[in-house]
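User: Can you walk me through some of the secondary structure packing in this one? I'll ask as I go.

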Amino acid sequence: MAFFLETLLGGLMAGMLYSLVALGFVLIFKASGVFNFAQGAMVLFAALTMARFAEWFPMWTGISNPVLANTVAFLIAGAVMFVVAWLIERLVLRHLVNQEGATLLMATLGITYFLEGLGQTIFGSDIYKIDVGMPKEPVFVLESMFEGGVLVNQEDVIAAVIAAALVALLSVFFQKTVTGRALRAVADDHQAAQSIGIPLNRIWVVVWCVAGVVALVAGMIWGSKLGVQFSLATVALRALPVVILGGLTSVPGAIIGGLVIGVGEKLSEVFLGPYVGGGIEIWFAYVLALVFLLFRPQGLFGEKIIDRV
Amino acid sequence: MKQRPLGDVILDVQNISLSFGGVKALTDISFNVREHEIRAIIGPNGAGKSSMLNCINGVYTPQHGTITFRGQTFHHMNSRQVAEMGVARTFQNLALFKGMSVLDNIMSGRNLKIRSNLLMQALRIGPAEQEEIRHREQVERIIDFLEIQAHRKTPVGQLPYGLQKRVDLGRALAMEPQVLLLDEPMAGMNVEEKQDMCRFVLDINDEFGTTVVLIEHDMGVVMDISDRVVVLDYGKKIGDGTPDEVRNNPEVISAYLGTSH
Amino acid sequence: MFYRENGQFKTSYKADQQIFPIAQDRWIIVALIVFAFAGVPLLASDYMFRAILIPFLIFSLAAVGVNILVGYCGQISLGSGAFMAVGAYGAYNAFVRIPDMPLIPALIVGGLCATAFGILFGLPSLRVKGLYLAVATLAAQFFSDWMFLRIKWFTNDSPSGSVSVSNLQVFGLDIENPLSKYLFCLGILVVVALLAKNLVRGAIGREWMAIRDMDVAAAVIGIRPMYAKLSAFAVSSFIVGVAGALWGFIYLGSWEPAAFSVDQSFKLLFMVIIGGMGSIMGSFFGAAFIVVLPILLNQLLPLMGELVGLEISTAGISHAELMIFGALIVWFLIVEPHGLAKLWSIGKQKLRLWPFPH
């Protein structure tokens, strides 16, 4: 039983990380109808920026306070992501305004490749560390209920807390602020929003900036856990099924979808895997998404997709 | 004067009700269409006219009611079945295949009549080639009829609106339909274009005996060319009869012009 | 001046409908094919065969297949790598397990396996499109990755996980040296490309394009979306499967599942985008582009680096490749979404008028 709980908790934590990446997808899709395949590359780029600047800061300034280095690196990375967002809107999105979804999807694929190449050219392609001081040792909890206790990763818990805080912040942003309202208007209908004076281009820059910050947080957490390396970009591919499950237009869907997939992957690997040769993690999420696509394409919380003749 | 007298009822719509969530598009609509006639459906915007055609075509499935075509009754129509039974239509918003040329668009209307299978088409020998040519001849006759020869290789997306509407009509004609559903075929046209389109519709009805069900806003056109008229308003039927009868129906007048209180 | 069609009047529909209606085009194509079969072998080195020509031929074949699905029928597929894998392993198993199995039937068996796989994973296209369909095809990709890694039967219980073939023969002739490999692939490519072109200009091609452009209207004129979409998946995956089998048998010789990973899928999609969606000729352009570009960069970048005094490592070149790819994709999508094929036909238009400006 304790083992099951451990697997479950591990799955939940992993799921939280997926949710963070999925959140970026949902944000951009909600506001602009564009599915941003490049979210994974953005996570990588942000993480690389932060990791390297945290490394370089002490070298350039001689101050060796890790907290200061990390904070400065975080801020610089945030600024860089803003610039990236602005450039993407200026150079790519603006010119593809009326194109169909497939074209935009492929454009973001192109951006993915570009960012991956750029990131590695500027920052190098080794594995880098992000050390934000998260405790690495696991702890045993619930020792009173289960003998020996349940093994839990402190880092994961903190990551979950950060993710939850981010989601709360974003919800407040969307519901309560003027910009948030404008974003929701744009998501509903570009033209109508434009006609009441909402500046489409600026909104999109804002959205991509927010997504960039989300990518940064995700990159920081993933990078702290796994080290910042090229495979981080494939995180986008891991998070795609999450948005299908949760619904492309739903923020809570991204969270719940991530948790479901995280838990599902772990549980299926541990309990089903041995029967079919193991390693089913690579397709479990996708096949689950496939099943949803066949029976409920809008996911758990998304809006129904309607075609008008 | 019509060459053919009106025949028996070919299409009978009985008690059709259609709603989308809470919105009632059609409520208990019944009317019939006789063979070889030109039947107009009129009504203010949002009255449910296109939805009615969509039900006949199998694009929407009504919650209640039946449709009887040539004696066979259906609760819901399947698009392919309807097409096979000889019902073709044009669209209000021009559902043309933008990536293809005029010729290919109209040729696509012949697809129900293509007999050669995938392998034969790949090899393109003998029978497959002959069939392509036969269908091409038919389509060329339609292109002649609609006077769009000069544009046959042009991608439809590049044509002006009036010509695109003709291609839409051509594609429907390519199916050699018995019943032609036209959804606002003259929308957005100037007087000359409308006259051309009227001429086409009358010719189709005269020469081929095609029954025409026509949604149209231009009252002059409707009164001139239709045999009988159905009037819809807010999803309900408020008039049904010859153009003269409908013109003098007080409910119809108030639906269009409003009443004074 | 040279490219005018004056005097070329078509007097039959058959003449009007042929693949290359302009006589000059026909001569050029014939000349090209003759050159490919007879001229290139005399001029090309072994390196050119191995590094450029054979990959170009096989990728062109795969790109034709992907173009049918993505370009003509409008169904986004990110699972082409999986179809190549199924084709390769299907052919491998037929070749190795059935005694005296000749090469071409083995390739066809591989293609048919890919067809079955394609139809199965094409079923979601009946329910969803666009991004959602892309996700479904990714499911095919990852599932196939796992299948060939973990299910030992597929790899003939090979301990290392990789398989290999040797002693390839066609009609008693060895195809072990680069020249004969090139000719073999060329022959298959020409035949399949011709069949594909016939399909896309015929009735089924129009059905595919109708589904791509407006599937509701297509249903109303009597096209069955299910038949059209699944036939596109079937034909496309057959061609891609055969290409995969050729990739494994002819180009690689021995391979493991990673040879057909999701990167291949992206590569093929890029070929189709850059080359031109909905154009058989575009598939060739796209394949040529993607095959030649890395080689070009490999030569050019170090030179350019020297000019500015920068030393560029091989890693640097591959990163630059990624950047240039990405930038080009975006550039093409903005400037000419119909790809190189459209640029080519615009060029031909200008050539028809030359030397007059309009």
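This is a predicted model: local features need pLDDT of at least 70, side-chain atom pairs count only at pLDDT 80 or more; totals for chains, interfaces and linings use all residues.

User: Start with chain A. At what angle do the axes of α10 and α11 cross?

Analyst: Roughly 130 degrees, with the axes of α10(A), residues 251-276, and α11(A), residues 281-295, coming within 9 Å. Angles over 145 would count as roughly antiparallel and 65 to 115 as roughly perpendicular, so α10(A) is oblique to α11(A).

User: Is that crossing left-handed or right-handed?

Analyst: The crossing of α10(A) and α11(A) is right-handed.

User: Which residues make the contact?

Analyst: From α10(A), Val260(A), Ile261(A), Gly264(A), Glu265(A), Lys266(A), Ser268(A) and Glu269(A). From α11(A), Glu281(A), Phe284(A), Ala285(A) and Leu288(A). By class, the contact has five nonpolar, two polar and four charged residues.

User: Switching to chain B. What is the strand order in the open sheet of six strands?

Analyst: The order is β6-β7-β8-β3-β9-β10 in chain B, and the pairing is mixed. β6(B), residues 87-89, and β10(B), residues 236-241, are the edge strands, each pairing on one side only. On average, neighbouring strands of this sheet are turned by 15 degrees against each other, direction ignored.

User: How do β7 and β8 run, parallel or antiparallel?

Analyst: Parallel, with five bridges joining β7(B), residues 179-183, to β8(B), residues 211-215. In one of the pairs, Val179(B) has Thr211(B) as its bridge partner.

User: Which strands does helix α6 lie across? And α7?

Analyst: Helix α6(B), residues 161-174, lies across β6 and β7 of chain B and runs at about 160 degrees to β7(B). Helix α7(B), residues 191-208, lies across β3, β7 and β8 of chain B, at about 140 degrees to β3(B).

User: What about β4, how many of its residues are buried?

Analyst: Five of the six residues of β4(B), residues 64-69, are buried, so the strand is largely enclosed by the rest of the structure.

User: How many bridges join it to β1?

Analyst: Five bridges join β1(B), residues 9-20, to β4(B), and the two run antiparallel. Gln14(B) stands opposite Thr66(B) there.

User: And what joins β4 to β5?

Analyst: Three bridges, again in an antiparallel arrangement, with β5(B) covering residues 72-74. Thr68(B) has Thr73(B) as its bridge partner.

Definitions and conventions
Residues are numbered from 1 along each chain as its sequence is written. Chains are lettered from A and ligands numbered from 1 in the order in which they are written. Side-chain values use heavy atoms; hydrogens and water are left out. Axes are lines fitted to C-alpha atoms, for helices over the stretch in contact, and angles run from 0 to 180 degrees between N-to-C directions. Helices (H or I, at least four residues) and strands (E, at least two) are DSSP runs, numbered from the N terminus. Angles under 35 degrees count as roughly parallel, over 145 as roughly antiparallel, 65 to 115 as roughly perpendicular and the rest as oblique. A crossing is left-handed if the near helix is turned anticlockwise from the far one by less than a right angle, and right-handed if clockwise. Contact means heavy atoms within 4.5 Å. Ala, Val, Leu, Ile, Met, Phe, Trp, Tyr, Cys and Pro count as nonpolar, Asp, Glu, Lys and Arg as charged, and the others, Gly among them, as polar. Two strands pair if DSSP finds at least two bridges between them. Buried means under 20% relative accessible area, exposed over 50%, partly exposed in between (1.4 Å probe, protein chains only).
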